[in-house]
Amino acid sequence: MSKPSATKYVPDFKTQFYHPKYWGIWLGLGLLRLFALVPYQQKFSIGKFLGKVIYFIAPKRRRLAKANIDLCFPEKSAAERSTILKEHFQSTGIALMEMAIVWWGDHKKNHKHAFERQIVSFMGEDNLKHAQEQGKGVLILAPHFTTLELTGLFVSFLTNYHAVYRPHDNPFMDYIIAKGRSIQFDNGEQVEPVSNANTRQMLKVLKAGKSMTFLPDQRYRSKGHVEVPFFGVLAKSNPATSKIAKMTGCAVVPTFTRRLENNQYEVEFLPALENFPSGDDYEDTLRLHKLYEAEIRKNPSQYLWVHNRWNLKSY
């Protein structure tokens, strides 16, 4: 049997990356590589500590996260919102450890029997399978929680897929991220992230009946955006989910990854959205926002609050 062909999207390594202006990134990468060697359970303690450090040394991000949390949870007391804020930064620190797992974990050498398979359980797996059986492609919708890096890895234990990502403005960081997120599946196929600017490739994947992860919930100010309430506050949003579904006829499966108290994880696949798209981008986006909001309310500290989702002018 012939070897499955690779899908090539990772940018090439360039000798210019050895330039002194990239040495800070090399240092950070080296530290992250060391964290990858730390025993699994200890990663969480280190991650929480790093999160506490970030909380104090990144005042601008702290103020932004606080402003976002205050905006979304006015019904909570100041003490409750402060707790969410502090836990969020601990979650962000743990996310760095999760990044180390994804970039250098056991699955890189032994995907079929990887250690990481032992730390995750799945809910609604039949929802994903049923959507895939329809043969029209599946858009696996995964909002920006701090568990984002692990979501793709966990999904890869169930199915082959293509991941969409936003290329980093720094070419060296873009190379590192794309390479780190590439996965060799059990059948030997090496699949690498697809740029969100490569619309043609995204549509090609779905029209071929394949699956693709998509992160739809960050601020979008480009032409074609829609302003839709999110936590009751208008937010400039990307209607791409509706447009992609319309052009490809794909199923849309909302997916949520949760970090549990016992240092285990849970991934839930909701049923594919019915009557989607509706033909109204505003209503479709509002529907998605309500799904995200319901999940965030259940798991507030793990959402990505350090992103300026509501385009706040001062914080």
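**Close-up views of pockets and aromatic contacts**

**Figure 1. The largest pocket has a volume of about 2,000 Å³.** The model is predicted: local features need pLDDT of at least 70 and side-chain atom pairs pLDDT 80 or more, while totals for chains, interfaces and linings use all residues. Residues are numbered from 1 along each chain as its sequence is written, and side-chain values use heavy atoms, with hydrogens and water left out. A pocket is an open set of points on a 1 Å grid over the protein atoms alone where a 1.4 Å probe fits, with protein on both sides within 12 Å along at least five of seven lines; lining residues have an atom within 4 Å of a point. Of the 49 lining residues, H144, L148, R181, Q218 and L304 are the closest to the centre of the largest pocket. Helix 1 contributes the most to this lining, six residues. The lining comprises 29 nonpolar, twelve polar and eight charged residues (nonpolar: Ala, Val, Leu, Ile, Met, Phe, Trp, Tyr, Cys and Pro; charged: Asp, Glu, Lys and Arg; polar: the others, Gly among them).

**Figure 2. The second largest pocket has a volume of about 380 Å³.** Its lining has 16 residues, and those closest to the centre are R259, L260, E261, S301 and Q302. Helix 4 supplies the largest share of the lining, four residues. By class, three lining residues are nonpolar, six polar and seven charged.

**Figure 3. F17 and F172 form a stacked aromatic pair.** Rings of Phe, Tyr and Trp (its six-membered ring) pair if their centres lie within 6.5 Å; planes under 30 degrees apart count as stacked, over 60 as edge-to-face and the rest as tilted. By this rule there are 29 aromatic pairs. The centres of F17 and F172 are 4.8 Å apart, with 25 degrees between the planes. F17 precedes helix 1 (23–36), whereas F172 belongs to helix 8 (residues 171–181), 155 residues apart. F17 is buried at 1% relative accessibility, and F172 is buried with a relative accessible area of 1% (buried means under 20% relative accessible area, with a 1.4 Å probe and protein chains only).

**Figure 4. F145 and Y303 form an edge-to-face pair.** Their ring centres lie 5.3 Å apart and their planes are at 75 degrees. F145 is in the loop between strand 2 (138–141) and helix 7 (148–156), and Y303 is in the segment after helix 11 (281–298). Both F145 and Y303 are buried. Ring pairs join F145 and Y303 with F73, F230, F231, F256, W305 and W310 in a cluster.

Technical notes. Helices (H or I, at least four residues) and strands (E, at least two) are DSSP runs, numbered from the N terminus. Buried means under 20% relative accessible area, exposed over 50%, partly exposed in between (1.4 Å probe, protein chains only). Grid points are joined across faces, edges and corners, and a volume is the space filled by probe spheres set on the points.
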